[in-house]
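Hi there,

Here is the structure I promised to pass on to you. Have a look at it first, and then read on for what turned up.

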Amino acid sequence: MCATPSGHSSSATRHHYPPENNEWGDFQTHRKVVGLVSVTSCTSAKEWPQTAERFHGQKELFGSTLYDSRLLVFGLQGDIAEQQRTDVAFYPSYDNCPDVEKRVEDFVESIFIVLESKRLDRATDKSGDKIPLLCVPFEKKDFVGLDTDSRHYKKRCQGRMRKHVGDLCLQAGMLQDALVHYHMAVELLRSVNDFLWLGAALEGLCSASVIFHYPGGTAGKSGARKPSISAATDTGKRHRPGAQEVLIDPGALTTSGISADTSSEIGRAKNCLSQEDIIEKYKEAISYYGKYKNAGVIELEACVKAVRVLAIQKRAMEASEFLQNAVYINLGQLSEEEKIQRYSVLSELYELIGFHRKSAFFKRVAAMQCVAPTIPDPGWKACYRLLLETLPGYSLSLDPKDFSKGTHRGWAAVQMRLLHELVYASRRMGNPGLSVRHLSFLLQTMLDFLSDQEKKEVTQSLENYTSKCPGGMNIITLPDGLKLPPVPFTKLPIVKSVSLLNLPASLRPHKVKGLPGQGVTSASPFIYSPITLHSRGDDRTKKIDFQWVQGDVCEVQLMVYNPMPFELRVENMGLLTSGVEFESLPAALSLPAESGLYPVTLVGVPRTAGNITVNGYHTSVFGVSSDCLLDSLVGVKSSGCTVEVVPSLPRLQLSTSLPRSARLCGEDLSSSVCLQLFNGETQQLVITLENIGSETLNTLELSSKTLTTKEKLFGDFLSWDLQDALSRLPLKPGQAVTVPVDIHAKLDFSGQENLLQDLNDDGISVTGLPISSPLRQVLKPRPENKQVNADTNKSEYNHVKTLEAVLSFRYSGGLGQVEGYYREISLGVKVDVEPSVFFTRVSTLPASSTRQCHLLLDVFNPTEHELTLTARNQQLILHSSECQRMAIQVDKFDFESLPMPSHDALRQSSLYQQEEERQQAQGGQINSTLDLRWNIISFSC
């Protein structure tokens, strides 16, 4: 009970108060129980006698100090409730009690009136030498047999009474009177070395000075307006009759007792301590308390008060010295609840002065005290709550995002110990889900600080917990409203890069060129600009320059590694996407211990068209399901995670009548075939196209491309007829068509360069005047006629030559066709051409007719087989490596009738090219005239 300088009274209430504390009421009056308010429920008249008896028992317990009491009864009606009593009030129910607050206010006012009268009685006591000696409980036996008539004893009585009156004045709001009495008490008690009560007087003096300097209180804001002493005394004059409104010299004391006349002492002292002196007096008081082992609680409270004042003064180091002293104060046998309270208060005070880690230490000690072995019913919930409050002091938060930014903060070993304690407390509370969350947090955030053995132990414990309660991505809300965010395992495994993969070449969509709006890709008004605009955003938001197709399997490759010292099994690993409907196809993988970078491909199927963004991936590790977002991954390289999904297209599967072979170098093909042909041989390749997609195929086109070759190719290498296949369109899913393709191997059969040069110069084979070659001196001179030797020419003419080409099927259908998209599927064709026959020399002889001549062909068989050569009903059989001459009577060739190239073509081509084209035309005329064919006898049987 106390009053403020403004005249408003306030009271401190307790639900439970030990009766032994009431015995210290003379030493410090705020420890007295001066009022008792009992609240009870009583529904029947039979219960009333027992209720009244319990109320009287409580009053007797504190009867020595009790000023007044009230009993509030709820629920009792009838004759008893209609009785008018000052100390009992009856109400029908808790909801129907309109004047209960007014009754309590009146009760508090009545208590204050009694307090005021007590103060006046003590302040005006003129009993002289009969001042009683106030004692603390442990002092009563020490004063037995003392000389009560000695001057020393009287001063002790006067000093203690002055201190007691100062307490009453302070409670009554008479700040200036309290300061005067405290100063008087200090002088009196110091003169008789009454250290315990001297310390109390000094503490009272400090308390009154603190009220003056910090009217807002040490627990509130310190910036409140400081009242003047005159204002305080004026207020006291208005509201507290009999108040002493003077400045008193502490040395102006009468030998006969407490003088009520203090008018002569006005202005002779400054009674209020300065802010610096307050701390010094607190130190002195605490040093006096330390002399008495039974005054530990008093000493501890004085330390707490000093710390609060120092906290307002921003003197943290000095405050820590008081707290360090408070730690070692021996309080005797304390109950477990009192120990918890002591450590909690120390924690709050360290927090108040900014010693956060020290605060967390004592709060953790208080948490461990809640579950001490001596407690029959450990308070695990209270322990868990206190442990949570220690987290900020150890630079810990329960949000894993705080640990992905920059370097680690705090002592990892202490943090791991605290997290282990949270896990254990959660388990003892019967909340396995909470244990899983804290253990997951420990594994995710402290992985770099765990030893190999600790990693194994933590993961084993986590698997044991998740076998009963699997972990997930849900937010856990505690009873006090604290929310625990989910803990995704972004380090199990660690992802280093994310790459969206393009579709295989045969499935990639292509845009039809020349569509309206195509090609307008920039909003810039300039045709060309040397300035490249770079986005300032994350690379993950960039759109990739290829497309996926609705309904087709798409792939994302992750480069991961396992940081654990044992094999890591990852289950249900799939993609997290946004933008379009996406069906993720989860995968399971097993990573060896400390595997290094390991490629993992995650697949899925987009079910709608639009733009899709890969946001991350989900996993299940050690029974904990995690959604790992790319934004939360540190150091992940990505070329972009947004890609366009085009509408669905049909899908063709290509198969051939020939076995597959290795793909052609430098070509991205869906399939390849390889075959061997003799020069001049033709073979048919049957290609089967099956629609294995879900869309109908509406259009089909076929084209070919002969790859660069050094060999001269005569005629078409590949030829086909697509009409039968087109007649079967549209091709529904599951249907197939076949396309026959003829492969022609037609290379030069000449055994030497300028084989036909003699035909232009001999004057026999050509009609009209001889046509001399203008390049006779330019081209390589014709070699001299040699006898063909089998051993030397077999190796010379037995070189295998290679022809390569690509067949491309372009097809479309479905919604993709409407949007202008198509697909291409390509087949590589590789032909190894073996030599069949070689013409080593061509010459002529005159015939009997001047219009004809004999064409002499020297033919060589470089193969290992016997073959026949036919020309104009003539047949020649050649054995392996054999060379023979065939004479054929033919009409003279009219080379002049061959078409001549235009003047523009002549200007653009070189003389060498003109000669080659002329000889090729002449050779074509000879071939059409002779109709030369060869046949290997062993193959035709």
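Two strands count as paired if DSSP finds at least two bridges between them. Please keep in mind that this is a predicted model.

With that in hand, let me begin with the strands around E16. Strand E12 (residues 568–578) pairs with strand E16 (residues 610–621) in the antiparallel sense, over 6 bridges. Within this pairing, Leu575 sits opposite Tyr617 of E16. E16 also has 6 bridges to strand E17 (residues 624–629), again antiparallel, and there Gly616 faces Leu629 in E17. The hairpin of E16 and E17 has 2 residues between the strands, and Phe622 adopts a positive phi near 55 degrees in it. Strand E19 (residues 642–646) runs antiparallel to E16 as well, joined to it by 4 bridges; Ile612 has Val643 in E19 as its bridge partner. If you plan to look at side chains here, remember that in a regular strand they alternate between the two faces of the sheet.

Next comes a parallel sheet. Which strands form it, and in what order? It is an open sheet of 3 strands, ordered E3-E4-E5, with parallel pairing. From one strand to the next, the twist averages 15 degrees. Between strand E4 (residues 68–74) and E5 there are 4 bridges in the parallel sense, and Leu72 is found opposite Ala89 in E5. Helix H1 (residues 48–61) lies across E3, E4 and E5, and its direction makes an angle of about 155 degrees with E4.

Now to the other helices. Helix H9 (residues 296–312) is 17 residues long and spans 25 Å from its first C-alpha to its last, close to the 24 Å expected at 1.5 Å a residue. Is H9 enclosed or open to the outside? It is largely enclosed by the rest of the structure, because 13 of its 17 residues are buried. Just after H9, Lys314 has a positive phi of about 60 degrees.

Helix H12 (residues 356–369) packs against helix H13 (residues 380–390) at an angle of about 170 degrees, and their axes are 8 Å apart. Since angles over 145 degrees count as roughly antiparallel, that is how H12 stands to H13. On the H12 side, the contact is made by Ala360, Lys363, Arg364, Ala366, Ala367 and Met368. H13 contributes Cys383, Leu386, Leu387, Glu389 and Thr390.

Finally, the cysteines. How many disulfides does a search of the whole structure find? The search gives 0 disulfides. Cys135 is in none, and the nearest cysteine sulfur, in Cys157, is 8.1 Å away. A disulfide requires two cysteine sulfur atoms within 2.5 Å, so the 8.1 Å between the sulfur of Cys157 and that of Cys135, its closest cysteine sulfur, is too far for a bond. Are these two cysteines buried or exposed? Cys135 is buried, at a relative accessible area of 13%, and Cys157 also counts as buried, at 2% relative accessibility.

Happy to go through any of this with you.

Best wishes

Notes:
Residues numbered from 1 in each chain as written. Predicted model: local features only at pLDDT ≥ 70, side-chain atom pairs only at ≥ 80, totals over all residues. Heavy atoms only, no water. Buried < 20%, exposed > 50% of the residue type's maximum accessible area, 1.4 Å probe, protein only. Axes fitted to C-alpha atoms, helices over the stretch in contact; angles between N-to-C directions. Contact = heavy atoms within 4.5 Å. Expected span 1.5 Å × (residues − 1). Parallel < 35°, antiparallel > 145°, perpendicular 65-115°, else oblique.
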